[in-house]
Amino acid sequence: MPKVSIEFPRLPEPYPKKSIDRLQITQLLFDCDNTLVLSEELAFEACAELSNEMLEKHNVSDRYTGPGLMGTFVGQNFRGVVTGLQQKHGFKLSDEEVNSYVDRELGKVIETLLAKAEPCVGVMPVLEQLDKSKKYGMAVVSSSALSRVQASVKKVGQDKFFPPDHIFSAATSLAVPTTKPDPAIYLHACKVIGKDPGECVAVEDSKSGTLSAVRAGIPTIGYVGSYGGAIKQKEMAEVLKEAGVKVIMDDWSQFMDCLAQIEAM
């Protein structure tokens with residue numbers, strides 16, 4: 001039987017090619033959860049409660065703790081978690097049920113974050129330095145709902161560093177909600193800000209977030225400082241390298257050096 005070759009149409013570039021080989025970095029795009037704000041563990045505790053309610057309702061015997069759910073779905077928003085649970089455990093929710101769970105989770109998480117959220121260790125001096133230098137624009141690009149991201153950065157005093165219209169949510173900012181690793185939210189952020197992806201650097205702590213940024217054509221710093229213990233940090237460093245980060249950052253004190261490495265590439 002003759003071999004059939006199928007050619008797929010070439011997708012259009014999201015931005016026109018520039019006439020220079022390498023673009024100057026002028027924009028920084030930060031993930032929020034466990035990159036800027038220590039929020040992931042707090043959020044997944046609320047996610048686990050609702051996830052277990054969902055599983056019980058559909059006669060699924062498995063149950064999740066917050067850390068267990070986070071280990072499986074880190075970097076995704078709750079809509080992505082719900083989709084993943086349906087696929088993994090073989091049940092189906094209506095759109096109305098999904099929306100109801102998403103709304104309930106958002107309320108629980110925001111309440112918890114406003115009470116307990118703290119900045120990631122070492123990030124505040126770096127943001128202060130970047131803000132004073134005025135060399136780079138700064139934005140937040142998250143999978144989480146916009147109101148949750150806004151609550152997080154405000155609670156820890158980071159809202160002063162980011163223009164309100166430069167906080168982006170894959171769950172809220174797009175016409176069709178999605179979650180990382182879909183690159184749509186990074187491409188949307190670049191379009192709104194008016195930057196080519198090659199003019200940006202992203203900072204991500206998860207595989208899904210890294211894939212989102214890398215697939216959008218954005219060089220990415222992989223941050224592992226929020227993971228507990230040297231063994232877990234080393235493990236995640238390998239995961240993020242495999243996903244396409246340019247450099248690994250163990251601590252926020254290394255940020256300027258990591259950024260300089262990317263600018264020199």
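## Charge and overall form

The 29 positive and 35 negative charges of the protein chain have mean positions that lie 3 Å apart, where Lys and Arg count as positive and Asp and Glu as negative, while His and the chain ends are not counted; each charge is placed at NZ of Lys, CZ of Arg, CG of Asp or CD of Glu. The model is predicted, so local features need pLDDT of at least 70 and side-chain atom pairs count only at pLDDT 80 or more, whereas totals for chains, interfaces and linings use all residues. Residues are numbered from 1 along each chain as its sequence is written, and side-chain values use heavy atoms, with hydrogens and water left out.

The protein chain holds ten helices and eight strands, which are DSSP runs numbered from the N terminus (helices H or I, at least four residues; strands E, at least two). Its radius of gyration is 19 Å, close to the 18 Å that the globule rule gives for 265 residues, so the chain is as compact as a globular protein of that length; the radius is taken over C-alpha atoms, and the rule is 2.2 Å times the number of residues to the power 0.38. Along its principal axes the C-alpha trace spans about 65 × 60 × 35 Å.

## Burial and contacts

Of the 265 residues in the protein chain, 49% are buried, with buried meaning under 20% relative accessible area, exposed over 50%, and partly exposed in between (1.4 Å probe, protein chains only). Among contacts in the protein chain with a separation of 6 or more, 73% join residues 24 or more positions apart, a contact being heavy atoms within 4.5 Å.

## Strand β4 and its partners

Strand β4 (residues 137-142) is mostly covered, as five of its six residues are buried. Strand β1 (residues 27-30) pairs with β4 in the parallel sense over four bridges, and F30 stands opposite V140 in β4; two strands are said to pair if DSSP finds at least two bridges between them. Strand β5 (residues 167-169) also pairs with β4 in the parallel sense, over three bridges, and I167 in β5 is the bridge partner of V140.

E40 belongs to helix α1 (residues 40-57) and counts as buried because its relative accessibility is 4%. Leaving aside neighbours within four places in sequence, E40 is in contact with D33, N34, M70, V74, G75 and R148.

R148 is also one of the buried residues of helix α6 (residues 146-155), together with V149, A151, S152 and V153. These buried residues pack against β2 (37-38), α1, α4 (95-116), β4 and β5, and α6 is followed by G157, whose phi is positive, near 80°.

## Loops and backbone angles

The loop between α1 and α2 (66-73) contains H58, which is partly exposed because its relative accessible area is 23%. Leaving aside neighbours within four places in sequence, H58 is in contact with F91, K92 and L93. From C-alpha to C-alpha, H58 and F30 are 37 Å apart in space, although 28 residues separate them in sequence.

Most residues other than glycine have a negative phi, and most peptide bonds are trans. N59, in the loop between α1 and α2, has a positive phi near 60° and is exposed, with a relative accessible area of 73%. K134, in the loop between α5 (123-133) and β4, likewise has a positive phi near 60° and counts as exposed at 63% relative accessibility. The peptide bond from K180 to P181 is cis, with omega near 20°, and P181 is found in the loop between β5 and α7 (184-193).
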